[in-house]
Amino acid sequence: MSTQDKARELLAKERQNEQQLHENMAARAAETELTVAEDLDEKARELLAEERQQEKHVEETMLSRSTEELS
């Protein structure tokens, strides 16, 4: 095998390694984005549940006050 052939082979291997590294990085980035999105969705659900609880509490408080005022 000539020196040029060896050089071509090494360059091809290097390109394959770089492409594999790029694909791995892209996969990790996508995985991270998915995790962040899932975390945001969960946080949003928690906040909505808290908001509903607070609204229910306010409604119950107002109803209780109204009942007291009418008594």
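This is a predicted model: local features need pLDDT of at least 70, side-chain atom pairs count only at pLDDT 80 or more; totals for chains, interfaces and linings use all residues.
Residues are numbered from 1 along each chain as its sequence is written, and side-chain values use heavy atoms, with hydrogens and water left out. Local features need pLDDT of at least 70 and side-chain atom pairs count only at pLDDT 80 or more, while totals for chains, interfaces and linings use all residues.

Start with the fold. Helix α1 covers residues 3-70.

Next, the dimensions. Along the principal axes, the C-alpha atoms fill a box of roughly 105 × 10 × 5 Å. The radius of gyration is 31 Å, whereas a compact globule of 71 residues would have one near 11 Å. That radius is taken over C-alpha atoms, and the globule rule is 2.2 Å times the number of residues to the power 0.38.

Now the surface. Of the 71 residues, 0% count as buried. Buried means under 20% relative accessible area, exposed means over 50%, and partly exposed lies in between (1.4 Å probe, protein chains only). The accessible surface comes to about 7000 Å². Carbon and sulfur atoms hold 53% of that surface. Areas come from the Shrake-Rupley method with a 1.4 Å probe; for residues, only the protein chains shown count as cover.

Charge comes next. There are 10 positive and 19 negative side chains. Lys and Arg count as positive, Asp and Glu as negative; His and the chain ends are not counted. The centres of the two sets lie 11 Å apart, with each charge placed at NZ of Lys, CZ of Arg, CG of Asp or CD of Glu.

Side chains of opposite charge can pair when their charged atoms come close. A salt bridge here is a side-chain nitrogen of Lys or Arg within 4 Å of a carboxyl oxygen of Asp or Glu. The count is two. Arg-8 pairs with Asp-5, with the closest N and O atoms 3.2 Å apart. Both lie in helix α1, three residues apart, about one turn. Asp-5 is partly exposed at 35% relative accessibility. Lys-13 pairs with Glu-9 at 3.6 Å, N to O. These two are four residues apart in helix α1, so about one helical turn separates them. Lys-13 is partly exposed at 44%, and Glu-9 at 36%.

Further along sits a patch of negative charge on the surface: Glu-38, Asp-39, Asp-41, Glu-42, Glu-46 and Glu-50. Patch residues have over 30% relative accessible area and no salt bridge; like charges are joined within 9 Å, nonpolar side chains (Val, Leu, Ile, Met, Phe, Trp, Tyr) within 5 Å. Asp-39 lies in helix α1 and is partly exposed at 46%. Asp-41 lies in helix α1 and is partly exposed at 43%. The C-alpha atoms of Asp-39 and Glu-50, 11 residues apart along the chain, are separated by 17 Å.
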